[in-house]
Amino acid sequence: MMKRVLLTRIFPERAAEMLSNAGFAVTQWQEDRPMLKEELIQMTQDHDAILCTLTDTIDKAFMDACPRLEVISQFAVGYDNIDVATATLKGIPVGYTPDVLTEATADVAFGLMINASRNMFFMHKQIIAGQWGYFRPKAHLGMELKNKTLGILGMGRIGTAMARRCRGAYNMSVIYHNRNRNESAEKELNARYVDFDTLLAESDVLSVHCALTRDTRGIFNKASFGKMKHTALFINTARGGVHNETDLIEALERGVIWGAGLDVTNPEPMLPENPLLQMEHVAVLPHIGSATSEARNAMANLAAENIIRFFRNREMHSCVNPECL
Ligand code: DGY
């Protein structure tokens, strides 16, 4: 019997094409919004696989309610929206899409760093608001990045790509904190492994590239911002849950740290009245790290391929819990 795959969002067309060409019956959710929890459960009932993304909550309740589901294919490198432990207990493999979005996401981290360091988003808003004003020798001063210290939390693929950019463009010294040492980054970038407190204390720019886990949720909070330099710039392109946004706002308002560049917020979408949107040294984007045609098409390829390979040979290109294959 034909296997049925539910596409939970409007993904690049090639995902549906690849799956149809491989003989799957594809159901496409038609609206350009995430499904409500009940909608997701209802739609998944008569499907063998889902191609989903970070806006879908794939928790135990969902999996219990969808006993037919054999495979989950996530269109993202992060998978904190999925209860992988439960999926593993149920023998459901979870695919994901690493590598193909590394450069796109590192570009956004790098862009946010430059933009926030020179107040660019804020100045643009001033122009739109009709407040161009005169050239003012002492106003709106930013910070230079040359020879500064870049701190990376999570020296994986994207963290390394960000560090490469910062070394090449600004000769920044690189320090990092990670679950494990990354010796190839140490060799290539002369990166120095430090404990978390040293990362906080020494970074001029601190860029977050770790996964959102029980250990990293809210790790940037009042206490940790308090250990950073008053001149520091905080960049987060990983997950909004890694920082406590109320504490971040307070740290910026009180000058505990200098600025921030965020592609991820907590919650998403950010409320329009969030004070971060009005701050001079802050640049905010709506989670567009992987939003290039190249990256999103490659993610669609990979996510579809993970489903196809699973049903053909019980293998995947990239699987979070390969013990289920
Ligand atoms: C990811 O892949 O985890 C990004 O946040 C979205 O592409």
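These legends walk you through a few close-up views of a predicted model.

**View 1. The second largest pocket and its lining.** Welcome to a pocket holding about 260 Å³ of space. Its lining includes Met123, Gln126 and Ile127, along with Gln131, Trp132, Gly133, Tyr134, Phe135 and Arg136. Ala139 and His140 line the pocket too. Sorted by class, the lining has 6 nonpolar, 4 polar and 1 charged residues.

**View 2. Gln126, one of the residues lining that pocket.** Here we look at Gln126, which sits in helix H6 (residues 120–128). Its relative accessibility is 18%, so Gln126 counts as buried, the cut-off being under 20%. Setting aside neighbours within four places in sequence, Gln126 touches Gln131 and Trp132, and both of these also line the second largest pocket.

**View 3. Phe220 and Phe234, a tilted ring pair.** The model has 10 aromatic pairs. In this one, the ring centres of Phe220 and Phe234 are 4.8 Å apart and the planes meet at 55°, so the pair is tilted. Phe220 lies in the loop between strand E9 (205–208) and helix H10 (222–226), and Phe234 in strand E10 (residues 233–236), so the pair ties together parts that are 14 residues apart in sequence. Phe220 is buried, at 0% relative accessible area, and Phe234 is buried at 0% as well.

**View 4. Phe225 and Phe234, an edge-to-face pair.** Phe234 also pairs with Phe225, at 5.4 Å centre to centre and 90° between the planes. Phe225 is buried, with a relative accessible area of 1%.

**View 5. A cluster of phenylalanine rings.** Finally, ring pairs join Phe196, Phe220, Phe225 and Phe234 into a cluster.

Key
Residues numbered from 1 in each chain as written. Predicted model: local features only at pLDDT ≥ 70, side-chain atom pairs only at ≥ 80, totals over all residues. Heavy atoms only, no water. 1 Å grid on protein atoms, 1.4 Å probe; cavity = no way out; pocket = protein on both sides within 12 Å on 5 of 7 lines; lining within 4 Å. Points joined across faces, edges and corners; volume = space filled by probe spheres on them. Nonpolar A, V, L, I, M, F, W, Y, C, P; charged D, E, K, R; others polar. Helix = DSSP H or I, 4+ residues; strand = E, 2+ residues; numbered from the N terminus. Buried < 20%, exposed > 50% of the residue type's maximum accessible area, 1.4 Å probe, protein only. Contact = heavy atoms within 4.5 Å. Phe/Tyr/Trp six-rings, centres within 6.5 Å; stacked < 30°, edge-to-face > 60°.
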